[in-house]
Amino acid sequence: MQYVSTRGGSEKLRAAQAIIRGIAGNRGLFVPEMFPSLPENFTDWTVLPYQEVAVRVLQPFLDDYPAEVLGQCVKSAYDDKFAAAEVAPLIKAGDTCFLELYHGRTAAFKDMALSLLPHLLTAALKQEDEQQQIAILTATSGDTGKAALEGFADVPGTQIVVLYPHVGVSQVQERQMTTQEGTNTHVFGIRGNFDDAQRAVKKLFNDESVAQKLGISGIRFSSANSINIGRLVPQVAYYVWAYLQMLKQEILKPGEAMNVVVPTGNFGNILAAWYAREMGLPVNRLICASNRNNVLTDFITTGTYDVRRNFHITTSPSMDILVSSNLERLLYHLSGGDSDQIKGFMQALETEGRYTVSSRIRKGLEGFYAGYADEAETREAIASLYQKHQYLMDPHTAVAHKVYRDFLQETGDTTPAVIAATASAYKFADTVTEALWGTPLGDGFAAVKELHQKTGVPIPVGLKGLEEKPVRHKTTLDQSGIETAVLDALKGS
Ligand SMILES: *Cc1c(COP(=O)(O)O)cnc(C)c1O
C-alpha cells in the first residue's frame, strides 16, 4: 500500500513513513492510493474479538508492518485500558443502536485511535531507522488533546504539545488536560477557538525556519490529529466491527446494509465510515450530524463550502469547527484523485473563504445525508431518550440522535442504523444534568456526582478524583506567542 498527497506531487510513501510525517510537504494530507477489499467471507468474523477484527481491517492499509509487529501494536492498544470487554460495545436503546466508542481511558472516541497510534509510530520509527526525536503537535477541540497526551505520555523518543481553546472546552475536559502527568507533555490554552489552534499547528508544520530550528536540536514534528493517516485507519476497524455486532445480535441479516450516523467535527470519524464502505462494507447512507456550526450541513446539501459565518461556542465543543480538515481527503477521492482541483479548492478557501465543488463530486456526496441540531434540540434529545429508555447520551451523541430522527422523518428510510456514541455523558455532566433536570449547576464536578447519584451509571475510571489532581499546566497563550512557547517547551526538555 502506498500513500500519496491530496495536493499531488510524485511522492509515494509506505504507511510507516506517512505516519512519521503526519502531513505531506505540500500541505496536503496522505491518502491510500487505492482501497483494499474486505474478503467475501468477512461476515465469518462475528466470532472474533475486537483486536482480531482490527488486525484484519488494518493489515492491508499497513502492509509494511510485519504481521507480528502489527498484532503486538493492536494487542497493546486494546487491552484493559478499555473498561468494556468488547472494547466498543453495540447497545440497543429503543429501536436505535449505539456503538459506544468511549470506554477508553479518556472517555471519548479519540481513544480508539490514539491508544494505537503511539505503538504504530514507535514501530515506524524503528522500522524506518528514524534517529530524530518526534514532537507530536496537536490542536484539540477538547477530546483529542487528552487522548493524545495519555497515549504519548512518557513514550521514549517522543514529546507531545497540545493546544486547546481556552474558552469552549468543558471543565472536565480542561482539567483532564491540565493535570496530565509525564515528563514529555506540554499543554497550552490559547486565546482563540479550535480553528485558530488548528491553523497555528498547520503553520508550524509548514514553516521551514521552525523545522530548521528544531532540526538542530534533533527534533521533527508529527501529528496526532486526524490529519495523520495513522489516526484515521484504526477508526475504519470499528465500523466493520459494528456491522459484525449487528449481524451477531440479529439486527441485520448477512448481505443487508446499515446506515451510519456520526456526530461530526473535523470529518475524521465519518470519513473512516466512508473508507469502510469503499472496502465493501454494506453501508447505505452516511448521516453527517453537526451542531450550530453547520458548515458541513450546508456543504453536503448545496456543494458550496463557505466558512464566512459566525463561530458558535456550543455544548458539543468537540464539534465546534468550521474548517473540517478531513473533508479534503473525501474530495480528493470523489474527484478521482484530481489534486489540481483540490489545490484550487483549498486555495479558494484561504483567500475567499469559500469554494464550490464539481458535479462529479456532488454526485459522490449523494451517499451522505446532512443535518444539524441547535442547543435546545440537543438538550431535548438527551432528556427524551433518557426518559423513554434510560439511555444516557453525551451532547455530541445527542446531536447525532436528533439528526437521525430528522432523517427518518424526511426519508422514511428504515435501514437499521448505528449511531457513533462518541463520548461519555460524564465529560459533559453539567450540560447533561441541566438537560435532564433543568438545573444548571455551573460546576462540572458537582454535576458528575449528581449524574451518578441519579442515574447509577458508573463514572469512567479516568474521571474519578480529577478535581483533586494537581494542575501541572497553567499557561495560556496569545496566538502571537504560540511559536515561541512551543519551541521553548520542546527545546527546553
Ligand atoms: C472529536 C469528536 C467528535 C468529532 O469527530 P471528528 O472525527 O472530528 O469529526 C465528535 N464527538 C466527540 C465527543 C469528539 O471528541
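Visitor: Where does the ligand sit?

Guide: This is a predicted model, in which local features need pLDDT of at least 70, side-chain atom pairs count only at pLDDT 80 or more, and totals for chains, interfaces and linings use all residues. Residues are numbered from 1 along each chain as its sequence is written, and side-chain values use heavy atoms, with hydrogens and water left out. A cavity is a set of points, on a 1 Å grid over the protein atoms alone, where a 1.4 Å probe fits but cannot get out. A molecule sits in one if more than half of its atoms lie within 2 Å of its grid points, and the ligand sits in the largest cavity.

Visitor: What distance separates a polar backbone atom of Asn269 from an oxygen atom of the ligand?

Guide: A polar contact is a pair of N or O atoms within 3.5 Å. For Gly265, a backbone N or O atom lies 2.8 Å from a ligand oxygen atom, and for Asn266 the distance is also 2.8 Å. For Asn269, the distance is 2.9 Å.

Definitions and conventions
Polar contact = N/O pair within 3.5 Å; in protein donor to acceptor, adjacent residues only side chain to side chain. 1 Å grid on protein atoms, 1.4 Å probe; cavity = no way out; pocket = protein on both sides within 12 Å on 5 of 7 lines; lining within 4 Å.
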